[in-house]
Amino acid sequence: MQTANPTHDRNRPPALAIALVLTLAGCASQIPQAIRTAPAKPLSVAQVQQAPAGLEGRRVRWGGSIVATVNLPQATEIEVLSRPLSRDGEPRTWDPGEGRFVARIAGFVDPAEYAKDRALTVEGTLLRLETRMVGDYPYAYPVVAAEARHLWPEAPPPSASPYPGPWGWPGYGPGWGPWNGWPYGPGFGPWWGPW
């Protein structure tokens, strides 16, 4: 008869932990390496706008919230409100914007997928500074030839409350809450109980 070895069982990693690590590794592998890796000499949108001389051809990794997507005959231009990036290159969409740039992508990109407010990160070569209008205001846009890009998943919609009751509060609603059960009975409270 074989006896269980508690030491061996304790040292075995739980299956759930292994599954979680594999899932996270799979998600990370879908993000291009150029997006996950910060450039050696980062350059911000504001730096390019203030002093563009000599910066053409520099590699940049920028991201933010999509403002608009425009399809041209040979390429697609995506206007992006730049935001700070996290370590893996994901835009921190809750942070304030840091200027606008245009990501130029060869070929067709579906505007329905690359929709307004989606988070996008691109990596590529700085082409030029181009003045375009934002309303009636002339604005200097850095234009980037995007060679790598990643469209981040949309935030899930707010779900219905997981709590019972029409009010959505934890533990409250008809027949719920601290007054449910003994000594009050189902759905009874101390001020409307059976006395």
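**Ground rules**

I am working on a predicted model, where local features need pLDDT of at least 70, side-chain atom pairs count only at pLDDT 80 or more, and totals for chains, interfaces and linings use all residues. Residues are numbered from 1 along each chain as its sequence is written, and side-chain values use heavy atoms, with hydrogens and water left out.

I traced the strands next. Strands here are DSSP runs of E with at least two residues, numbered from the N terminus, and two strands pair if DSSP finds at least two bridges between them.

I then picked out strand 4 (residues 119-134) and strand 5 (residues 137-151), which run antiparallel and are joined by 14 bridges. As an example I checked T125, whose bridge partner in strand 5 is A145.

**Salt bridges**

I counted a salt bridge wherever a side-chain nitrogen of Lys or Arg comes within 4 Å of a carboxyl oxygen of Asp or Glu. That rule gives 9 salt bridges.

Back to R104: it pairs with E77, and their closest N and O atoms are 2.7 Å apart. R104 sits in strand 3 (residues 100-106) and E77 in strand 2 (residues 75-82), so to speak distant parts of the chain, 27 residues apart. What about E77, buried or exposed? E77 is buried, with a relative accessible area of 10%.

E77 has another partner: R132 forms a salt bridge with E77, with 2.9 Å between the closest N and O atoms. R132 lies in strand 4 and E77 in strand 2, so this pair ties together parts 55 residues apart in sequence. I noted R132 as partly exposed, with a relative accessible area of 24%.

I also looked at R92 and D95, whose side chains meet in a salt bridge at 2.8 Å, N to O. R92 is partly exposed at 28%, whereas D95 is buried at 16%.

Which residues do shared partners join into one network? I found E77, R104, R128, E130 and R132 there.

Key:
Helices (H or I, at least four residues) and strands (E, at least two) are DSSP runs, numbered from the N terminus. Buried means under 20% relative accessible area, exposed over 50%, partly exposed in between (1.4 Å probe, protein chains only).
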